[in-house]
Amino acid sequence: MTVALLCAALAAALPAAAAMAGTPELAAVLLVEQLAFGWAWVAVLRASRPTVLLLAAAALTADGAVLGATRHDLGSIAGVIGAGLAVVIVYQLFRRRRLGVPPAPATAGDASEADAPASARVTAELAAALGGGTLVAFLAGLLALRAQPGAPESGDLLVAVGLAGVGGAVLVAWLAGLLGAGSLLAGGLGLAAGTGLGAGYGGFADELSAGSGALLAAAGALAAAVMGVLIARAGPALAASVDAVAAPSGPPPTEASPEGPSPRSTRRARDGGRPALGSPAALLAAGGMRVRPVPARSVAAVLLAAVAPLTVAAPLVYLVGRHLPG
């Protein structure tokens, strides 16, 4: 949970700092987060590996469409999402044909049972590709807000204030959940914290008022709080599936000795089958402690929980930032 909190803070802080540096810097940071989110989305939903390439192509195309447009409008990604829909459907049709068609069953009831697994896989792949592609493209909203021409307020400041609301809402909501608050209460506290943080940021800056900062941060905080509630409710099931994947196998069977169990085997049985660690000098002589590798799905779950609030908040921050009173 500590790693997840740090990743969530970095996911909001890095784009905010990059936005203050310039549009190319923000584009680079957002691309890294888009690619990380795409991989995590596919890993958690257990979609096929080529779906990662589809989401990466959607991220690159969405960012390029926003930067290449004359007005740098978020509406430029509508064509990207439409084209992605066609590509995903064609890919799933090709994948289903490549996997082969099951043999013809004897009865109609058998036909529905035989076709159900293939249909379920295709539906899951479609949902993973379309949902992930749309969320990845939504992150380009921050890039569109930063690069907007002729705005009364500075685009870098708008992005920074919106991300401050997102980051504050996520951190407070998660900390409140750790302290035992319900998901709705934690989300409300996160919304209040993000809005207050944006109001303070806007009141401190010369180009933005406290009211405008609070409104902009509230848009991002609201989306982040809602996503935090959804992640909190889906957390137990996700953690159970990650634990099932990460569960180590039992110790290998040992042959019984005719003299009875030795003291070393008795200590291993008491320690759950692990060899005794001994002194630090023995650890160094043996090459150090062997750390079990972290499962990929647990890393993906942390990345998904950290970046997902940004994907939902980005279009709202863009819309409010574009229509702030100048």
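Predicted model: local features only at pLDDT ≥ 70, side-chain atom pairs only at ≥ 80, totals over all residues.
Visitor: Which residues of H8 are buried?

Guide: Buried means under 20% relative accessible area. In H8 the buried residues are Ala186, Gly187, Gly190, Gly194, Gly198 and Gly202. They cover an arc of only 135 degrees around the axis, so they sit on the same side of H8.

Visitor: Which exposed residues does the face turned away from the buried side carry?

Guide: Exposed means over 50% relative accessible area. That face of H8 carries Leu185, Ala192 and Phe204.

Visitor: Now a charged residue. Where is aspartate 156?

Guide: Look in helix H7, residues 155-178.

Visitor: What is the nearest side chain of opposite charge to aspartate 156?

Guide: Start with the cut-off: a salt bridge needs a side-chain nitrogen of Lys or Arg within 4 Å of a carboxyl oxygen of Asp or Glu. For aspartate 156, the nearest side chain of opposite charge is arginine 146, 4.6 Å away. Aspartate 156 is buried yet has no salt bridge. Leaving aside neighbours within four places in sequence, aspartate 156 is in contact with Ala19, Met20 and Arg146.

Visitor: What does leucine 130 count as, by relative accessibility?

Guide: Between the buried and exposed cut-offs, a residue is partly exposed. Leucine 130 has 31% relative accessibility, so it counts as partly exposed. Find leucine 130 in helix H5, residues 108-138.

Visitor: Which residues is leucine 130 in contact with, leaving aside its neighbours within four places in sequence?

Guide: Leu85 and Val88. Now check glycine 82: leucine 130 is 48 residues from it in sequence, and their C-alpha atoms are 9.9 Å apart in space.

Notes
Residues numbered from 1 in each chain as written. Heavy atoms only, no water. Buried < 20%, exposed > 50% of the residue type's maximum accessible area, 1.4 Å probe, protein only. Helix = DSSP H or I, 4+ residues; strand = E, 2+ residues; numbered from the N terminus. Arc of directions from axis to C-beta. Lys, Arg positive; Asp, Glu negative; His and termini not counted. Contact = heavy atoms within 4.5 Å.
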